[in-house]
Amino acid sequence: MAFDGITIAAVVKELRDSLMGGRIYKIAQPESDELLLTIKTTDGGQKRLLISAGASLPLIYLTEGNKPSPMTAPGFCMLLRKHLQNGRIIDISQPGLERIIHIHVEHLNEMGDLCRKRLIVEIMGKHSNIIFVNDDDMIIDSIKHISGLISSVREVLPGRAYFIPVTQDKSNPLTTDFPAFQNAVTGKNMPIYKAVYSLYTGISPVMAHEICCRAKIDGDTSTAFLSDSPDGKHALNNLYQAFSHMMDQVKKGDFNPVIIYEGNTPVEFAPFPLVMYNENSQKDIGSISRLLEQYYAEKSTLTRIRQKSVDLRKIVQTALERNVKKYDLQLRQMKDTEKKEQYRIYGELLNTYGYEVAPGAKSMEALNYYTNEMITIPLDPLLTPSENAKKYFDKYGKLKRTFEALSTLTAQVKEEIDHLESIQNALDIALLEEDLVQIKEELISCGYIRRKGGSKKVKSTSKPFHYVSKDGFHIYIGKNNYQNDELTFKFANGGDWWFHAKGVPGSHVVVKSEGSVLPDTTFEDAARLAAYYSKARGQEKAEIDYTEKKNVKKPNGSKPGFVVYYTNYSMIIDSDISHLKRIDE
């Protein structure tokens, strides 16, 4: 979700509740575009406020963590220390629903006179900035200097007047009424959700969709619908009521921050629960600062794993593309061998009826005694019937040998493709750097990566995913092929239950039965996990095979993770595991 004006409002409320009246004790600048303020609060405690104006990830939140500072403080940091050290925070505000926070500070100057200044934090993507102004709105300095050469809209330089740039014709959603809302929304011909976020300040596309969802309206419907009929006018009224209710939540500070998960992957966050998402997929965090720190830390971890797995993904993708091309070529060659039986029949019929062929004939009509139908056999007029028969038998023999060779080769290449796709799936579900170690080791053992001279096999500390079903049964999921083999053939007992997505690469899922009969809900939980940790993730429905572990066998010499089973049940199920909690070990 975008760091929109509603999220900023939640941050401002939390900062006001925590920091009002506090004194700025320490000021540090750990990064070129980042500040860390330590504030002694009125209750005698201490809080740290992290402010980042980074172009890729601008943030502001309270944190318990600390960051090392450079040996020599940057100029902007020194300036703030001069003016704001021991200053008292008298107000924290947000103009309208802009993505801007004003931190009002009261301090004594060199002459002992009481002065007021503001630290303005603008959370605006690549245009984010931290600006220090006096009580006359004149810029004293900023963490980023923006000259007229960089921006034609506004210069951010010492001595310039500070103002909020108006680059879009947007209204303040906190002060609008129904007539103004009606005129604004129905005056544009565009999807309803787009009209909401493009006409009002501080509303992101996610929140616009949420407003439409609360109003029970399809956000992609054109705004023309809202004025074309009685149903449309009723929908417009519902839309305004949902919009107004959300703005009332903002005004009252009625926030309850949540992170929305897809399985165990954070996909969204919001300052209050969203109707548009399943309730079970939303985790109550309690604090907007803790939410922002946790959400971006988890996203950062996933991004880092994606970056670290780039080389492995490239190796797997290259090998996969090469094998897919080889497999397609072999299938085309196999198709060419389909004529082999026809050539054999031609040869047999020529040996049987060849005596009837006139010298120099270019074809022969004969009864195919296999189908009891007449067929025409092309002939080389320069050859005798027996020589033509030999020619067809030679073609049959060549195609037969080709077919037998290709049957073996295509099976081997298909097995290689399935193996590589299973490694791709393992890379997709990897969450930790330790998870990549076993995957790399598998690629080395299979010859895709050359082991560096003298290096030994690296021991991995990665463990299978561990869940508990609603009925209390423990469920384990292999993160890669090595773990799949170990889970199935070393960890599981014969009476435990084994699950796998049918026909697609995926993890082995084992339910420890402990000698008990599994309830239906546990079968469904395990099946959903098998769907989620496979290439079927995200599909509306997936087919899952399941059987007792004793029915699962591993053929000699087969690839890691490859198994066979001949006795099994199947079920069709979705891949929604939002109601299940993963146990971190």
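Mentor: Start with a term: two strands pair if DSSP finds at least two bridges between them. The model is predicted, and the part you ask about is an open sheet of three strands in the order 11-10-12, with antiparallel pairing. Strand 11 (265–270) and strand 12 (282–284) stand at the edges with a single partner strand each, so one side of each has no neighbour in the sheet. On average, neighbouring strands here are turned by 30° against each other, direction ignored.

Now take one pair. Strand 10 (residues 258–262) is joined to strand 11 in the antiparallel sense over five bridges. As a general point, strands of a sheet pair through backbone hydrogen bonds, either parallel or antiparallel.

The sheet also has a helix packed on it. Helix 8 (residues 288–308) touches strand 10, strand 11 and strand 12. The direction of helix 8 makes about 150° with that of strand 11.

For a contact between two helices, go further along the chain. Two packed helices are described by the angle between their axes and the distance between the axes. Helix 11 (residues 385–429) and helix 12 (residues 433–445) pack at about 160°, and their axes are 10 Å apart. Angles over 145 degrees count as roughly antiparallel, and helix 11 and helix 12 are therefore roughly antiparallel to each other. Their crossing is left-handed. Helix 11 contributes H419, I423, A426 and L427 to the contact, while helix 12 contributes L436, I439, E442 and L443. By class, the residues of this contact are six nonpolar, one polar and one charged.

Most residues other than glycine have a negative phi. N86, which is not a glycine, has a positive phi of about 70°; N86 is in the loop between helix 2 (75–84) and strand 5 (88–93). D137 is also not a glycine, and its phi is positive, near 65°. The loop that holds D137 runs between strand 8 (129–134) and strand 9 (139–142).

Finally, check the confidence. The protein chain has a mean pLDDT of 90, with 98% of its residues at 70 or more. Among its elements, helix 6 (residues 225–228) has the lowest mean pLDDT, 80, and strand 18 (residues 509–511) the highest, 97. Where pLDDT is low, the predicted coordinates should not be read in detail.

Definitions and conventions: Residues are numbered from 1 along each chain as its sequence is written. This is a predicted model: local features need pLDDT of at least 70, side-chain atom pairs count only at pLDDT 80 or more; totals for chains, interfaces and linings use all residues. Side-chain values use heavy atoms; hydrogens and water are left out. Axes are lines fitted to C-alpha atoms, for helices over the stretch in contact, and angles run from 0 to 180 degrees between N-to-C directions. Helices (H or I, at least four residues) and strands (E, at least two) are DSSP runs, numbered from the N terminus. Angles under 35 degrees count as roughly parallel, over 145 as roughly antiparallel, 65 to 115 as roughly perpendicular and the rest as oblique. A crossing is left-handed if the near helix is turned anticlockwise from the far one by less than a right angle, and right-handed if clockwise. Contact means heavy atoms within 4.5 Å. Ala, Val, Leu, Ile, Met, Phe, Trp, Tyr, Cys and Pro count as nonpolar, Asp, Glu, Lys and Arg as charged, and the others, Gly among them, as polar. pLDDT is the predictor's confidence in each residue, from 0 to 100.
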